[in-house]
Amino acid sequence: MIFDYETLRIIWWAFLGVLIIGFAILGGYDLGVGVLLPFLGKNDEERRVIINSIGSTWEGNQVWFVMAGGALFAAWPTVYAVSFSSFYFALLLALFAMFLRPLGFDYRSKLAVPAWRENWDRALFVGAFVPALVLGIAFGNLLKGIPFHFEDNMRIVYFGSFMGLLNPFALLAGLISLSMFIMHGAVYLQIKTIGNINERAKKCVIIFTIATLVLFGLAGVWIITLDGYHISSEIFPNAASNPIAKFVKREPGLWLDNYGHLPGLWAVPASAFIGGGLTLLLSRFDKPGSAFIFSCITIASIILTAACSMFPFLIPSSISFNSSLTVWDSSSSIKTLNVMFWVTVIFLPLIMIYTSWVFRVFRGKVTVEHIRKNNHTLY
Amino acid sequence: MISDAVVELSRWQFAVTSLYHFLFVPLTIGLSVLLAIMESTYVLTGREIYKDMTLFWGKLFGINFALGVTTGLTMEFQFGMNWSYFSHYVGDVFGAPLAIEGLMAFFMESTFVGLFFFGWDKLTKGQHLTITWLVALGSNLSALWILVANGWMQNPVGAEFNYETMRMEVTSFAALIFNPAAQVKFVHTVAAGYTTASAFVLGISAYYMLKGRDAAFSQRSYTIAAGFGLASVLAVIVLGDESGYTDGEVQKAKLAAIEAEWHTEEAPAAFTVIGLPDQEAMKTHYAVKIPWVLGLIGTRSIDTPVIGLTEILANNRVHIHNGIKAYGLLQQLREGNREETVITEFESLKKDLGYGLLLKRYTENVVDATDEQIELAIKNSIPQVAPLFWTFRVMVVSGFIMLIVFVIAVVASSIRKSRNDWILKLSLYTMPLPWIACETGWFVAEFGRQPWSIAEVLPTFLSASSLSEWDIILSLSGYVFFYTIFLVIEMFLMLKYIKLGPSSLHRRRYHFEMDQRG
Amino acid sequence: MWYFAWILGVLLACSLGIINVLRLEAQEALEKENVAVDPLTQLLARESVLERLQEKVDNSKRNELPFSLLYLSLTDFKNKHHLAEYEMDTTLFKVVESLKLDIRTGLDIAARVGEDDFVLALPGISLDRAEIITERIKRNIYVNVTTPKKDPVEIAIGFVEYTDHTDVIAEEVDMGMGEVEALLSIAIGKCLESTLA
C-alpha cells in the first residue's frame, strides 16, 4: 500500500466528485438539449436536427452517471445503500423517466407517422426534465440531512417520505440543476446548429445563465441560516469504517465552517459567477465553443461549492446525527480503495482520450440538409 | 424484524427485472460479435453485400440494444434501492467488479456504439471495423465483470468478515477475479449469448429463404450464423458440464437440489432423467434413472460420491450450531468486549456466522433460539428442489435440440443444391429456444442459491431493504407496466424491420424496391 | 484458465463463421464459371436461362407477386437494314449496354437467347409497368444506339405478365410444355405481332 487510508479516502472523495461533475458536464447538456427539444424545434426536421446533435454521443455520456453509481457502490457502499434506499421514490421516478431515453432516441424516427414521433418527442422531454430536476432535489436533501439511522447490526432504517424530500430548499436545488443543465444544453446547441435553432438557443443561454446564477446566489444566502453538521469528536481518518462511533453536532450556519477555515475556498463559488458571466458574454459574441468551456466551469463550481461545504460529510442524518456518513467512516476497506484507485488511474484517462476522439470525429454542425440526405440512417 | 412479505416482494421484483433484462442481453453480446464477423468479411473481400449485412443486422441490434440499456439501468439502481443491507454487508467486495464493469466495458461499448451507427462516412474501413470489434469486446467484458460479481455470490472467495465494520471485506482480489465459479459462468453465459444471436440470424435468414427473397443476402447470413452458432452451442454445453462439476465442488447443495439427489448414493451416482421430486418425503416419485451418469459427469470419477441433501442438512445442523455461537461472540464484540479469547474464538467460528444469521428469520434473539426454530432453519437451509429439477431439464433439453439444429444448419449450408424447406422451417421454429434456455438457466443459478444471497454468508431475507410492502408493490407495478409497454413496442419495431428485410436499408437492390425510376 | 479458453474460443468461432462464408463465396464463384454466358454481351446464354427463369417464376408464385417477361428481337431490324455480321455484333453490343442501364442489377435477369434475340425477366413487375418499361427501353435504344451506318436502332419487344396468362400457360403445360417455355412462346408471339404492326 503506497497510500494510507486517509489519503485514499480523500482521493476517492475527489474521484466521486470527478465522476459526478463529469456526468453533469457531459450528460448534463444531453439533459438540457432534451428539455429544450420541444421548444427549440418547431417542426419534425428541426427536432431531428436537435436529436441528432446529441444522438451519436449521448449514450457514452450517460455512462458517467452509471459510473458514478458504480463508484459509489465500490468505494462508498454504505453511502450507496443509504442514499438509494432512502431516495426510493425519487430514484424510481428518475429511473422511469430515464427509461424513455434509449428508446426515444432509437425508435422515434423509425416510423414516419407524426403521432408516433410527437409522442416520442414528449417522452424525450420527460426523460430529460425529470432526472435533471430530481438529481438536484436529491443533492439539496443531502445538504439538509435525511432522516435515517442504523440498527445495531447496521441495518438501515429510513423514516422519511417522498413528500418530505420536496421541501423548499431541495426544490431550489432542483431548480438550480435544471436551470444549469438547460443553460449548458443551449450553449451546446449554439455550437452544433445553424439558423433558427441557433438563434433560439442563444436566447436560452442568456435566460438560463442568469436564472442559474440568481438561484445559486439565493441558495448561497439560504445556506447561511441552514442547519449544518460538524463532527465534534476526535476524527480517526485511518480507522476502519464505522459510522456510529462518532459524535456530530448540528447548528445553523455550520455549512460555512469549511469556508471559514480555508478562505481560499471562496474562489469556488466565485468562479461559478465568473464562469456564468463569461458564458453569457462569449455566447452573445458568437463564440459558443469558448462559452461551453465556461459553462462547464460554472457547473463544476456549483457542484464543488456544495461538496466543499459538506466535507467531510457525505450523508448527514437529520434524526440521528451520530449516524451521519462521512468520508472517514463509510468508505470501503483500504484494499478495495487501493485496487480501485489503480484501475481508475489506468482507465479513466484512456476513457477521456477515446471519448474526445469520438467527439472530434463527430465535430461540425448538424443541419437540415444532412438529415434529409441521411433520412434512413440517422435518428 | 423484516417482514416476509417485503422480502418476497423484493425477490419477485428482482427476478422480474433481471429476467426481463436478460431477454435482451444475450442478443447484444452475440450479435455484436456476429456484426464484427460480417464486417470483417466485408473488409477482407470488399464485397458490398457484407456491408449491407452489417448495416441490416446492425439495425436490429440497435432496436434490441436500446432495451438492454434501459433494463440495465434498473439493475444498477436495484442493489441500493431494494437490497440496502446486502449493499452495505458485501459492497466492499461486490461493488468493485461493478465499478470495473463501468470503467472497462460500459464506457467502451456505449461510446463506440454511436460511431458504429453513425461513423461509416467519417471513418476508414479499417477504423470502423476496429470500432465494431471494440463494441463487441465492450459488451463481452461487461458480462465478465458482472459474472465475477455474481460468481462471488455463489462462491464467496477472497473475502472475510470484519466485526468492526460489520461487513465482508476483500482479502484477495486475485481470488475474486479467478474464482472458478466466475470463470465458468462467464464463458457459459457469453457462449449462450453467441448461440442466441446465431439462432436469431439463422431463423430470420431461413424465413427470407423460405419466401424466396434476397437469396444472396440470406444465404450468407445463414452460413455465418450456422458456423458461429455451432461452435457456440458446443461451448455452451461443454461449459454447462463444467458448471455442474464446479457446483459439485463449491455449491454442493445446489447440485444436489438440481439433481434431486436426496441421499448420498454409492458412487458413481445414477442420473434422474425425470420424476416428481417430493421435498417433504425427501424422495422422487416415478423416477427414471440412468445408472452411473450423474457420478461420471458430476464428479468425473467413479469413486467420488455426489453428496445428497440429507447429508448436507446434517452438515448444516453443525454449521448452524457453530453459527449461533459465532453470533453470540459477535454480539459481545459489538458491545465492546475485546478480550483475546473472545476474538480468537470468533475468528475460528466466523465462517459459519452466516448459518447463525439464518435463525434471524425466526427470532431476533439468535443465541436463545428454540429447538423448533433451529429445526426450521435447518430444513430451509437448502433450496426447493422441484422448480430447480424441472427448469434445469428444460434448459438442457433446449441446449441439445439447438445443437442438433446447428449441426443440420452447417451441413445444409455446405450442400448448396436445392434448399430443403424442412431444414429452413426447423431453423425458424427453434428461434425461441435459446431464450428459454437462458431464462431457465438463470433461474437455476439464482434459485439454486437460496436461501442465501451470498452463499453461506448472508441469507436472502436479511439482505432486503427495510421498505414497506406498498413501496415495493408500487415499484414492481411500475416496472411491469413500463417493461410490458416497451416490450410490445420493441417487438412491433423488430418485426416490422424483419419483414422489410434488407430493403429497409434503401440501397436499391433488395426485394421490396420495385422500381428505381418511374 | 477458462478466461484464456474464452479468448481462444471466440477467435476460433469467429474464424469458423468467416471461413464458412468464404467457402460459400468460393462455391458461388465456381458455379458462376460453370454458368453458360454469351461471350459477346456477357449476358446469360440460352442454356442457363431456363433454369433461372423457373426459379423466378416459383418465387413469384410463392410471394404472390407479379412477374413479367420481355422478349426483344433485332432480327426484323437486321433484315430491313441488311447489316453485315460484324456490324450486327457492334450494334448488339451497344444495344445491350443501353439495356443494362434500364434493368435492376441483381434482381432482373437479362439473357441472349438467339442470335439477335434477348429475354428480360422482371420480378415484381405487373403488366402496365411492363408496358411502360417496354416503351422506355425502345425509346432509349432509339435515341442512344446507332448502327455503324449511323441509322437509329428500332427494337421489337413483346411483353407478357405471368399472372395475366396463367390460363394459356396451363393449357400449354397440359400439352407437355414447361411453364417457362409457355411464357416465352407467348412473349415471342407478342414480339412478332409488334413487328408486323
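Reader: How many residues of chain B and of chain C take part in their contact?

Author: Two residues are in contact if their C-beta atoms, placed from the backbone, lie within 7 Å. By that rule, 29 residues of chain B and 26 residues of chain C form the contact. This is a predicted model, in which local features need pLDDT of at least 70 and side-chain atom pairs count only at pLDDT 80 or more, while totals for chains, interfaces and linings use all residues. Residues are numbered from 1 along each chain as its sequence is written, and chains are lettered from A and ligands numbered from 1 in the order in which they are written.

Reader: Which elements give two or more residues to the side of chain B that touches chain C?

Author: Elements here are DSSP runs numbered from the N terminus: helices (H or I, at least four residues) and strands (E, at least two). On the side of chain B that touches chain C, helix 1 (4-45), helix 6 (180-210) and helix 7 (215-250) of chain B each give two or more residues. Helix 7 of chain B has the largest share, with 10 residues. By residue type, this side of chain B has 13 nonpolar, 12 polar and four charged residues. The classes are nonpolar (Ala, Val, Leu, Ile, Met, Phe, Trp, Tyr, Cys and Pro), charged (Asp, Glu, Lys and Arg) and polar (the others, Gly among them).

Reader: Which pair of chains shares the most contacts?

Author: Of the two pairs of chains in contact, chains A and B share the most. Their contact takes 57 residues from chain B and 56 residues from chain A. On the side of chain B that touches chain A, the elements with two or more residues are helix 2 (48-82), helix 3 (84-118), strand 2 (167-170) and helix 18 (469-500) of chain B. Helix 3 of chain B supplies the largest share, 23 residues. The residues on this side of chain B are 28 nonpolar, 21 polar and eight charged. Chain A and chain C do not touch, and their nearest C-alpha atoms are 19 Å apart.

Reader: Is Phe24(B) buried or exposed, and why?

Author: The test counts other C-beta atoms, placed from the backbone, within 10 Å of the residue's own: 20 or more is buried, 12 or fewer is exposed, and in between is partly exposed. Phe24(B) counts as buried because it has 21 C-beta neighbours inside 10 Å. Phe24(B) lies in helix 1 of chain B. Leaving out residues up to four places away in sequence, Phe24(B) touches Asn64(B), Leu67(B), Gly68(B) and Thr71(B). Phe61(B) is 37 residues from Phe24(B) along the chain, and their C-alpha atoms are 9.8 Å apart.

Reader: What is the strand order of the open sheet in chain C, and which strands stand at the edges?

Author: Two strands pair if DSSP finds at least two bridges between them. In chain C, five strands form an open sheet in the order 1-3-4-2-5, with mixed pairing. Strand 1 (44-45) and strand 5 (156-161) of chain C are at the edges; each has a single partner strand, so one side of each lacks a neighbour in the sheet. Strand 2 (residues 67-73) and strand 5 of chain C run antiparallel and are joined by six bridges. Leu70(C) stands opposite Phe159(C) in strand 5 of chain C.

Reader: What lies across the sheet strands, and at about what angle to strand 5 of chain C?

Author: Axes are lines fitted to C-alpha atoms, for helices over the stretch in contact, and angles run from 0 to 180 degrees between N-to-C directions. Helix 7 (residues 179-196) of chain C lies across strand 2, strand 4 (117-123) and strand 5 of chain C, at about 140 degrees to strand 5. Chain C has seven helices and five strands, and their pattern along the sequence is α-β-α-β-α-α-β-β-α-β-α-α.

Reader: What confidence values come with chain C and the model?

Author: pLDDT is the predictor's confidence in each residue, from 0 to 100. Chain C has a mean pLDDT of 82, with 96% of its residues at 70 or more. The model scores ipTM 0.92 and pTM 0.87.
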